[in-house]
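Okay, hi everyone, thanks for coming.

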Amino acid sequence: MSAIAYFLESEGLQTTGISLVRENTEALRPPRFLWTTFPLGRPMGTPGDAPFQRRVILAALDLLNRKSGPVLEDYPEDAPTVEIEDYPACPVSFARPSADVSTWDARLRNELLQMKPWYDLSRHRRGRTTVGVAKAPIDELAPRLAKLVDQGSLEGLDFKPLKYALEDLKAYYREALTAQPGTYDFAEIERTLWDETELGRAMRALDDLFAADPRLAQARRIIASRAARND
Amino acid sequence: MVRLVDLPEYEREHLLSKNMEPLGPTPWVDLDRPLSERKVALITTAGLHFRDDEGFEFADASYRVIPGDLEGDELVMSHSSVNFDRTGFQDDINVVFPIDRFRELAAEGLVGSLATQHFSFMGAGLQPAMYEASVRKLAGLLIKDAVDTVFLTPV
């Protein structure tokens, strides 16, 4: 972000914007940024709160009036936090089905069937979905992951389709897990995804396969966050 | 939340490892016209694009075009990093790409007008200097569109 500001401004465009990691912005010394304490992934602070977002934007736009820089100003408001007892309970029952559960492929297929009604509800409630990066139906994506973890090796790895499949699968699950109206705690959603679902367990198994190959160490970041890996 | 002192040590160390040297002396543009007479473009590094667009690669300095008349619901995200909260984006595109807020500001006359096209990068995995060629090319497109001001959002 700072680099983009640097190059745009050096081409004659005036820039301002949001910084989420003050130390990174401070080091690169771009022209103007407003540092906020908001979580990574939420540069406008909070979804669905237009007045809050507007205040943040106006504060960043105000930096355009400064006569010298670099300017790195601290925004005074924190994003609203969620009390743990306030957010809706996870709607999905993860009771094991009676169907075939002998392979990752079977377990993921079964779980997707459990997720589907909640995903559909989310799509109806939100009027949108963020699934669609892989340009393939969701039930064709799980096998890309299952194949690798079932065989216990990365033989035949096709990196880019796998990356897009993981993005869509995670988005599908997160939308299903937050299908009901309400405000959610991201850490709790992630804990459910990684600790309670077959998808989470399969992705951990995939992460182990990547970790065992030094050439793929960097690529682990398409699978699990540092928080999910806890390393 | 992103006060480093509040984060686990592994996360703090990772983020601090991203501190880079400045690319050069800080450039500075001083425009003497008010915001109400300016044309503003939005640029995000959230890896947003349309479903039919090519997704972003693992490390990728290219950009995707977001037409100014888009319906926000059409965008998806193919960012390589998994170390951020995507649930806000699921609920409201404006938490990442505040197009509706800027439309409101333009309708009220606080902002003169909005760009014909906005743009999206995927900010992960590359040194800052690797973005130079594509951003300088993009600057030419923005200037051709009479944009003079850019609002930047990370993810």
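This is a predicted model: local features need pLDDT of at least 70, side-chain atom pairs count only at pLDDT 80 or more; totals for chains, interfaces and linings use all residues.

What is its secondary structure made of? It comes to 4 helices and 7 strands. If you walk along the sequence, the pattern goes α-β-β-β-β-α-α-β-β-α-β. The radius of gyration is 17 Å, close to the 15 Å the globule rule gives for 155 residues, so chain B is as compact as a globular protein of that length. Its C-alpha trace spans about 45 × 40 × 30 Å along the principal axes.

How much of chain B is buried? Buried residues are 54% of the 155. And when you take the contacts in chain B with a separation of 6 or more, 72% of them join residues 24 or more positions apart. On charge, chain B carries 14 positive and 26 negative side chains, with the centres of the two sets 4 Å apart.

Nonpolar side chains tend to be buried together in soluble globular proteins. Here, the largest nonpolar core has 43 residues, and Leu145(A), Tyr172(A) and Phe210(A) are among those that touch the most other members. Several helices of chain A each supply at least two residues, including H4 (104–126) and H5 (142–151). Which helix gives the most? That's H6(A), with 10 residues.

Zoom in on Leu145(A): leaving out residues up to four places away in sequence, its contacts include Leu108(A), Leu166(A) and Met203(A). Apart from this core lies another one, of 42 residues, and its members include Leu34(A) and Phe89(B).

Terms used
Residues are numbered from 1 along each chain as its sequence is written. Chains are lettered from A and ligands numbered from 1 in the order in which they are written. Side-chain values use heavy atoms; hydrogens and water are left out. The radius of gyration is taken over C-alpha atoms; the globule rule is 2.2 Å times the number of residues to the power 0.38. Buried means under 20% relative accessible area, exposed over 50%, partly exposed in between (1.4 Å probe, protein chains only). Contact means heavy atoms within 4.5 Å. Lys and Arg count as positive and Asp and Glu as negative; His and the chain ends are not counted. The place of a charge is taken as NZ of Lys, CZ of Arg, CG of Asp or CD of Glu. A nonpolar core is a set of buried Ala, Val, Leu, Ile, Met, Phe, Trp, Tyr and Cys residues joined through side-chain atoms within 4.5 Å.
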